[in-house]
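Hi there,

Here is the structure I promised to pass on.

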Amino acid sequence: MTHGTHGTRGTNGTRGTNGTRGTNGTRGTRPWRRAAVLGTALLTLVTVSAASPATGADGPDRGRPPADSVILLIGDGMGDAEITAARNYSAGATGRLAMDTLDQSGRRTTSSVDEHGRPVYVTDSAAGATAWATGRRTVNGRLSKTPDTDRPLPTLLEKARRQGYATGSVTTASVVDATPAALTAHLTDRSCKGPADMAACPADTRAAGGAGSAAEQTVAARPDVLLGGGAGHFAQTSTDGPYRGRTVLEQARAAGYQLVRDRTELAAARPGRPVLGLFAPDYVPVEWTGPAASPGGTAPGRCTTGNPARPAGTPTLAESTEAALDLLTARRDRPGAPGATGKGFFLQVEGAAIDDRAHEADPCGQIGETVAFDRAVAVALAYAERHPRTLVIVTADHGHATQILPDDARPTGLSATLLTDEGGRMLLGYATTAEPGGTQEHTGVTVPVTARGPLAHQVLGLRENTELFGTVSAALGLR
């Protein structure tokens, strides 16, 4: 989603500032019988394992993938400092967020590459998302295309859909911003969001034989659920191809999409036809507001857990996630219904404006969006409790500029002091630019990754950012 290092900020962008606060988150026997009991136990274990439907060679689940469904949650720009700031503010220094409670945890690298395959140590969101979407690194700014030959790479969403899984993407950015678009589009540059935005992607235009803008490609990819912002990109008119003279929104309606604009319409959406939720012209306005960091710091203060610029009917990320899960599950559980396959789903959920607010040195906006993202994590974990064959993964695409400093420090960059829920003073610094209004930068650090469910152990240790592709593919049996 981001507009950070080497990234391109999307057009038609609106900046909001902030919404609601999240909730946090064997026995003995007699010596002379030991050998006999041990032998019997081993025989029983082997017999039970062989007869088990989940593992037996002749059981009904023979060849069944380890998971029915995968929920991949991405906090954009959500490195350790951003998570810790949100935890300190809302849950306390010894408290826990929902994302802290997953069973397995590890680290992921975040580098991208240049056109010759050489490492670039700080990624943008387009290359960051391409890494897990395709299993390949690419150049910053590029979406799911090779770094050298600029050729399309198949994505997790495309593979899942091809094998009969339902698919979905939920974000607080435009649904065709970098992170969601890496699943549904192949573009030389992430800025090519709508038909009028194609200046950086001449070979991708329909006139040149390409697949068109991110919005046009996303409609053609036909995910079952697509929720976020981006109405401005779908209002643009195609100038070439079979839909020349028609807006992308008209193309979506022709493809059978139900259009929803707010919380009420989202609740009324029904399975059987794909759902397109467009809740803002570009970014969905953020949930919390507060003073931006400034030279010399700010007076200690609290965040405002509300944003006048956020329309009352705008669903939270948690609400959109819950609605997406309901719609995707209904498609699986309605045999014989239109579009039903009996299979599970792949869903990606992005907390996009964590990054956007960190770029602007807006600590309250950043923390509020992290808390909102954590509520979506809680929704995913509650779903997995009811559906145990669900793999839940929580991670980030890259780190960001936030620093948590001693409250008596005098940083040379921008800073702000917040009074936390537990009564502490937390000083946050942003030092990659010292100019108010300047853009804070991404960092090249490793980021956390946590998981629960089938194959969750595959996130343990230090992993490459491309390895998530293999984990999700193995969980769902994608080929």
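Let me start with a question: does R137 count as buried, partly exposed or exposed, and at what relative accessibility? R137 counts as partly exposed, because its relative accessibility is 23%; the classes are buried under 20% relative accessible area, exposed over 50% and partly exposed in between, with a 1.4 Å probe and protein chains only.

Before the rest, some housekeeping. This is a predicted model, in which local features need pLDDT of at least 70 and side-chain atom pairs count only at pLDDT 80 or more, while totals for chains, interfaces and linings use all residues. Residues are numbered from 1 along each chain as its sequence is written, and side-chain values use heavy atoms, with hydrogens and water left out.

Salt bridges

R137 has a salt-bridge partner in E464, with the closest N and O atoms 2.3 Å apart; the term means a side-chain nitrogen of Lys or Arg within 4 Å of a carboxyl oxygen of Asp or Glu. R137 sits in the loop between α3 (125-134) and α4 (156-162) and E464 in the loop between β16 (461-463) and α13, so this pair ties together parts 327 residues apart in sequence. Helices (H or I, at least four residues) and strands (E, at least two) are DSSP runs, numbered from the N terminus. E464 is partly exposed too, at 33% relative accessibility.

The whole structure has 22 salt bridges. Another of them joins the side chains of D103 and R452 (3.1 Å, N to O). Since D103 belongs to the loop between α2 and β2 (104-108) and R452 to strand β15 (residues 447-452), the pair ties together parts that are 349 residues apart in sequence. D103 counts as exposed, at 52% relative accessibility. D177 and K193 also form a salt bridge, with their closest N and O atoms 2.6 Å apart, and both of these residues are buried.

Four strands make an open sheet in the order β9-β13-β14-β12, with antiparallel pairing; strands pair if DSSP finds at least two bridges between them. β9 (294-295) and β12 (402-405) are the edge strands, each with a single partner, so one side of each has no neighbour in the sheet. Between β9 and β13 (residues 414-419) there are two bridges, and S294 stands opposite S415 in β13.

Helix α2 (residues 80-91) lies across β12, β13 and β14 (425-430), at about 50 degrees to β12. Helix α12 (residues 363-386) lies across β12, β13 and β14 as well, at about 105 degrees to β14. The axes are lines fitted to C-alpha atoms, for helices over the stretch in contact (heavy atoms within 4.5 Å), and angles run from 0 to 180 degrees between N-to-C directions.

Cores

The largest nonpolar core has 50 residues, and those with the most contacts inside it include L187, F234 and L276. Such a core is a set of buried Ala, Val, Leu, Ile, Met, Phe, Trp, Tyr and Cys residues joined through side-chain atoms within 4.5 Å. Helix α13 (residues 467-476) gives the most to this core, with five residues. A second, separate core of 42 residues includes L73, I83, M99 and A166.

Best wishes
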